[in-house]
Amino acid sequence: MNLSLYFKKFFSSSQTSGILLIFCVLISLLIANSSAGEAFQGFLDREVGTHLFHLTYPVSIWINDGLMAVFFLLVGLEIKREMVEGELSSFKNASLPIFAAVGGMLVPAVIYTLFNSGTEYSNGWGIPMATDIAFSLAIISMLGKRIPNSIKIFLAALAIVDDLGAILVIAVFYTEQIHWTYLFLSLGVAALLFLLNFLKVTRLIFYIVPGLFLWYFLHHSGIHATIAGVLLAFSIPTNASNVEISPLEKLEHQLHIPVSFFIMPIFALTNTNIAFTSEMVADVTSTLGLGVIFGLVLGKLIGINLFSFIAIKLKLSDLPQNSTWPQMAGVGLLAGIGFTMSIFIALLSFKDDIPIQDEAKFAILIASFLAAVLGFLILRISSKKDMEAIEN
């Protein structure tokens with residue numbers, strides 16, 4: 001095979017990016033539990049940047065709030081394109097991820113609260129509400145063409161609505177202080193972006209530059225800055241035609257390789273460096289551990305599928321095209337991969353108690369692993385049965 005064609009095939013493979021992401025998780029865990037763990041954490045805590053405009057942050061913040069805003073930008077572009085010309089272009093299809101996401105947030109929070117109401121862990125009810133977009137999409141991408149494209153799009157839409165919900169929860173319940181001046185400046189920039197769209201401005205530079213200011217203002221407002229990527233994505237113009245390449249499709253194409261093979265692996269490497277301790281393992285059966293595990297695994301599965309079932313029965317939504325309920329169950333489990341957003345909320349929930357933070361991290365890791373394995377197996381088995389039924 002021609003070397004250039006080989007690398008083109010390599011970089012275009014979503015399965016490869018999924019395998020790379022999982023590899024980075026394993027490397028991160030190995031580093032965190034080795035003699036290099038302390039030095040690696042020190043590197044992540046090291047502040048870099050410039051004091052000019054108050055842009056000095058730890059490396060971990062630049063990754064989680066900076067690079068991940070680009071990931072959210074790509075996901076937002078994909079969702080908008082599907083809403084305009086793809087699987088989410090009809091109301092019934094577009095509404096299903098919203099109903100599913102609401103159920104996937106409410107039921108896990110209720111399950112966690114049933115375990116921890118009135119305890120020292122009660123403030124962590126937001127932990128199992130979140131879905132990690134990067135990891136859940138990486139797992140489902142490893143199934144390749146075995147899974148209908150509509151199911152992948154449904155999971156992406158569900159995950160982004162879920163994470164936007166989690167960001168709102170953080171903003172309302174876990175943000176200590178909102179800087180209203182910066183927030184109003186953010187709204188002003190967002191309004192400018194949508195005005196540019198309305199005026200049919202098509203040059204991407206006129207969106208990217210205000211988008212940087214949007215990120216800056218949102219970050220300083222106290223609200224999680226990754227939402228800037230989503231707002232920017234929805235302001236970039238597209239069209240319902242497959243003939244002409246729109247600015248949205250052009251940017252989406254340009255972002256795929258750097259996001260899949262740089263941003264997501266870096267994100268995984270720096271956010272799963274959990275150092276295991278004997279106390280952490282022993283406390284996994286505490287009400288905190290059980291609330292997180294049952295919330296993420298069972299809560300997501302039940303909430304997503306229950307609310308989806310109700311929406312479909314009420315004829316408000318339709319199942320994703322060519323999908324089945326067993327596949328929906330697999331998606332519900334994959335949505336239980338909490339990882340970074342869940343860990344982030346755990347840090348906010350128990351700011352002054354490092355041992356509880358570590359206990360929550362370990363429970364999130366276990367729940368995410370169970371959700372990933374079970375979701376992958378159910379999707380693989382159900383898809384195999386569907387293919388056999390078609391062949392017969």
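Leaving aside neighbours within four places in sequence, L158 is in contact (heavy atoms within 4.5 Å) with P97, A100, A101, I304, V331 and A335. The model is predicted, so local features need pLDDT of at least 70 and side-chain atom pairs count only at pLDDT 80 or more, while totals for chains, interfaces and linings use all residues. Residues are numbered from 1 along each chain as its sequence is written, and side-chain values use heavy atoms, with hydrogens and water left out.

Of its 111 residues, F71, I140 and L158 touch the most other members. Helix α7 gives this core its largest share, 15 residues; helices here are DSSP runs (H or I, at least four residues), numbered from the N terminus.

S382 lies in helix α16 and is buried, with a relative accessible area of 7%; buried means under 20% relative accessible area (1.4 Å probe, protein chains only). Where do the backbone oxygens of I378 and L379 lie relative to the side chain of S382? The oxygen of I378 lies 2.8 Å from a polar atom of that side chain, and the oxygen of L379 lies 3.1 Å from a polar atom of the S382 side chain. Not counting residues up to four places away in sequence, S382 touches P326 and Q327.

Definitions and conventions: Helix = DSSP H or I, 4+ residues; strand = E, 2+ residues; numbered from the N terminus. Buried < 20%, exposed > 50% of the residue type's maximum accessible area, 1.4 Å probe, protein only. Polar contact = N/O pair within 3.5 Å; in protein donor to acceptor, adjacent residues only side chain to side chain. Core = buried A, V, L, I, M, F, W, Y, C linked by side-chain atoms within 4.5 Å.
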